[in-house]
Amino acid sequence: MIEKIDIMICTKNRLCELEKTIYKMCTLGFAQNQFYITDDASSDGTHDVVQKKYPEIYLLRNEESQSLTFNRSRMMSMSNRDFVLSIDDDSHIRSKEDLEEAISILLSNKSFGIFHFHAFNQIEEPIEKTKLNNKIYKVKSYIGCGHIIKREVIQNVGTYFQELVFYEEEMDYSLRAFKSGYYVVTNENLVVHHRIDQKLRSQQKVNVNDIGVFGYYWRVKMHCSNRLIIPVVHYPYFIDLFYFFRRLIQIFYRTTFIDKKISLFLDVLKRVFYLRKDIVKNINKLSYSQFREWNKLPHYPSSGS
């Protein structure tokens, strides 16, 4: 069944992890021509190494960094198999059987459009499958480092909302899919191993003055502004205002009293204002009954050491 799957990966300056991911996925039975990889302006020789060692991989390169939404959208459009598996350059699915089971779940119900793998964010191997709940259920959204999208969903829903750039793009896509009649579904015992040192990450000092791309300041600005955009685009009228202003208060408290950066709060507002035309163009409101149903769904499962 895995011959029906294309894999898409975005990477930048993590050649060692990328090669580990390619190796692990190939051991599950994937051929090189099932990979779509975007080298997002790496400076560590990623493009040359992958091109030489894996000549049948569909390899794209950006001379200047692009957004995740741009890279993933392009690869989604280029791929042609029935299912698209998205993983990070430092993540992999545990077994061929897990992949086949995920596809079987998607095929079991026409309304199941996206499968979310239970993410284990840790260096150590995830716990055994038999020790995890064997429970299939619908969830609000999915995680970028491990999910499968049906081809028909891409054909009917399209690709990502480009301006979201980083954070909340999966939530936006899930809501658009839901409005088109597709659910995100998961099973807690089907795992994606995201090979990150969660303890080390949590111990790293947060530097709110790091304003470069992917720096703390940039990430908070993107996350907070995108959280404001989601209810405006998708939530029913009046409900959208309630969530917008509630989140606005939360963001004001975080940026001003925790991060102690009123400039960060102002930059969040500036970005939302700057994107106002794109927001209006993409408005796609749920009905009140659709919102009630979606809002009752749980969030996806995720674990880490």
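Contact, as the word is used here, means heavy atoms within 4.5 Å of each other. By that criterion, and leaving aside residues up to four places away in sequence, serine 111 touches Gly181, Tyr182 and Tyr183. The structure is a predicted model, in which local features need pLDDT of at least 70 and side-chain atom pairs count only at pLDDT 80 or more, while totals for chains, interfaces and linings use all residues. Residues are numbered from 1 along each chain as its sequence is written, and side-chain values use heavy atoms, with hydrogens and water left out.

Serine 111 sits in the loop that runs between α4 (96–107) and β6 (112–121); helices (H or I, at least four residues) and strands (E, at least two) are DSSP runs, numbered from the N terminus. With a relative accessibility of 18%, serine 111 counts as buried, a word that stands for under 20% relative accessible area, whereas exposed stands for over 50% and partly exposed for what lies in between (1.4 Å probe, protein chains only). The side chain of serine 111 also makes a polar contact of 2.8 Å with the side chain of asparagine 109. Such a contact is a pair of N or O atoms within 3.5 Å, of which, within protein, one must be able to donate a hydrogen and the other to accept it, and residues adjacent in sequence count only if both atoms are side-chain atoms.

Helix α1 comes next. The 13 residues of α1 reach 18 Å from the first C-alpha to the last, close to the 18 Å expected at 1.5 Å a residue, where the expected span is 1.5 Å times one less than the number of residues. The buried residues of α1 are Leu15, Leu18, Glu19, Thr21, Ile22 and Met25. They cover an arc of only 160 degrees around the axis, which puts them on the same side of α1; the arc is that of the directions from the helix axis to the C-beta atoms. An α-helix has 3.6 residues a turn, so residues three or four places apart point the same way. The face of α1 turned away from the buried side carries the exposed residues Cys16, Tyr23 and Thr27. What covers the buried residues of α1 includes β1 (5–11), β2 (35–40), α2 (46–53), β4 (83–87), β5 (91–93) and α4.

One of these buried residues, methionine 25, has 0% relative accessibility. Not counting residues up to four places away in sequence, methionine 25 touches Ile7, Phe30, Phe35, Leu85, Ile87, His92, Ile93 and Leu99. Just after α1, glycine 29 takes a positive phi of about 120 degrees.

A search of the whole structure finds zero disulfides, a disulfide being a pair of cysteine sulfur atoms within 2.5 Å. The sulfur of cysteine 16 is 16 Å from the closest cysteine sulfur, that of cysteine 26, which is too far for a bond. Cysteine 16 counts as exposed at 59% relative accessibility, whereas cysteine 26, at 28%, counts as partly exposed.

Four bridges join β7 to strand β9 (residues 183–194), and the two run antiparallel; strands pair if DSSP finds at least two bridges between them. Within this pairing, valine 139 stands opposite valine 184 in β9.

Most residues other than glycine have a negative phi. Phenylalanine 238, in the loop between α8 and α9, has a positive phi of about 80 degrees although it is not a glycine, and it is exposed, with a relative accessible area of 67%.

Leu264, Phe265, Val268, Arg271 and Val272 are the buried residues of α10. They cover an arc of only 120 degrees around the axis, which puts them on the same side of α10. These buried residues pack against α8 (216–234), α9 (239–258) and α11 (276–281), while Lys270, Phe273 and Tyr274 are exposed on the other side of α10.
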